[in-house]
Amino acid sequence: MAKRSKATIADVARLAGVSTATAGRVLGSYGYSSEETREQVIQAARKLGYRTNALARGLITGKTRTIGVVAGDIQNPFYASILRGIADVVESRDFGLLIVNSDENLAKEIRAVNLLLEKQVDGLIVSPCDTRNARHLRDLQSAGLPLVLLDRSVAGLEVDRVVIDNIAAAERAVSALIAAGHRRIGLVGEMLEEQEGGLEAFLRRGLAGEVLSTDTLYPSWQRLLGFLRAHRQARLEVDASLIRRVGAYSAEAAQNVARTLLERPDRPTALFATDGTMSEGVMGAVSAAGLGVPADLSLVCFDDLEWMSFLSPGISTMAQPRLAMGETAATMLLERIEGAEGPGRVVTMRADFVERGSIAAPA
């Protein structure tokens, strides 16, 4: 059986009894056409099963009514909720959405951005891997393409962005452990991007209050600062050996790192995990060690995942407004696409503490 060929705009014009240019105006939603002509063209397109070619329309109008999103890990619940928020806003405005995964890898992120540019998207939302240079994102700004950064900022790149006040949120979480009487609190965080002098030098600067430029730090490094600030506010010493850098967005790697803390004879009485992936790894290590929460170990996490409320007791955590982050990023981008001008805007959102019973006095 011969494969049916796709209907062309010329076929639609012929059936509707209009010129190809007129059919193009109606189907591309640009220019003027009478209501009668519009109805003729639309009915002909439906009868033929014609589908608008967004790329071809974009060549004429300069717009494809699509936006692109580069997410760090679409399998991560953090991004899944954000993407839902983006999709809700975009679809309500009759825009299409293209999503590409970077796996928190710069080379993949650059390829993802180039792919979306080839698709002629009208704007981009990116959670950048590189918060220092990001030449590919600076090129987008220079080219005038609307761009919104999500969860992270890039040094010197003045574009719209949506972020969390990670330092204040982490300080709130760790302060809850301190208030319960804990003095030996461990931290497990990916802290992916290198810092000058490494972790030890960063700890010295953080404890001395000398880390002044925090906007472009990875969220996990910002949360480490919140951890340190909570100790400073309580006038408590920090045992640097209880702070562990995983160096990867990996629950398995986090579990291995957490296990080394829990196997110590002087193990911490409480742990703080800096994001959902780290939390999964920490819970795996706690379970493997046969420890009870909070009877043997208190735990507070960052980001509210479904499994945290299913456990008994549940896991206390800092809940990020993920859906609202996505909605806000999409709204800001569409405003720019529609012509909004002015300097880059920063929306800083607050994470809320959710108490579920994973914090108790030290055993």
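Tutor: Start with a cut-off: a disulfide is a pair of cysteine sulfur atoms within 2.5 Å. Now the ground rules. This is a predicted model, where local features need pLDDT of at least 70 and side-chain atom pairs count only at pLDDT 80 or more, while totals for chains, interfaces and linings use all residues. Residues are numbered from 1 along each chain as its sequence is written, and side-chain values use heavy atoms, with hydrogens and water left out.

Student: How many disulfides does a search of the whole structure find?

Tutor: Apply that sulfur cut-off across the whole structure. The search returns a count of 0.

Student: Is C301 buried or exposed?

Tutor: Buried means under 20% relative accessible area, exposed over 50%, and partly exposed in between, using a 1.4 Å probe and protein chains only. C129 has 7%, so C129 is buried. C301 has 0%, so C301 is also buried.

Student: Which side chain makes a polar contact with the side chain of E171?

Tutor: E171 lies in helix α8, residues 166-179; helices (H or I, at least four residues) and strands (E, at least two) are DSSP runs, numbered from the N terminus. E171 has a relative accessible area of 16%, so it is buried. A polar contact is a pair of N or O atoms within 3.5 Å; within protein, one must be able to donate a hydrogen and the other to accept it, and residues adjacent in sequence count only if both atoms are side-chain atoms. At 2.7 Å, the partner is R229.

Student: Leaving aside neighbours within four places in sequence, which residues is E171 in contact with?

Tutor: Contact means heavy atoms within 4.5 Å. With those sequence neighbours set aside, the list is G226, R229, A230 and Q233.

Student: What is the volume of the largest cavity?

Tutor: On a 1 Å grid over the protein atoms alone, a cavity is a set of points where a 1.4 Å probe fits but cannot get out, and a pocket is an open set with protein on both sides within 12 Å along at least five of seven lines; lining residues have an atom within 4 Å of a point. Grid points are joined across faces, edges and corners, and a volume is the space filled by probe spheres set on the points. The structure holds 1 cavity of 30 Å³ or more. The largest cavity comes to about 30 Å³.

Student: How many charged residues are in the lining of the largest pocket?

Tutor: The largest pocket holds about 380 Å³. Among its 23 lining residues, those closest to the centre are N76, Y79, Y249, D275 and T277. The lining divides into 6 nonpolar, 7 polar and, for charged, 10.

Student: Which residue does a cis peptide bond join to V293?

Tutor: Omega for this bond is about 5°.

Student: Is D94 buried or exposed?

Tutor: D94 is in the loop between α5 and β2 (96-101). Its phi is positive, about 65°, although D94 is not a glycine. Relative accessibility is 59%, so D94 is exposed.

Technical notes:
Nonpolar A, V, L, I, M, F, W, Y, C, P; charged D, E, K, R; others polar.
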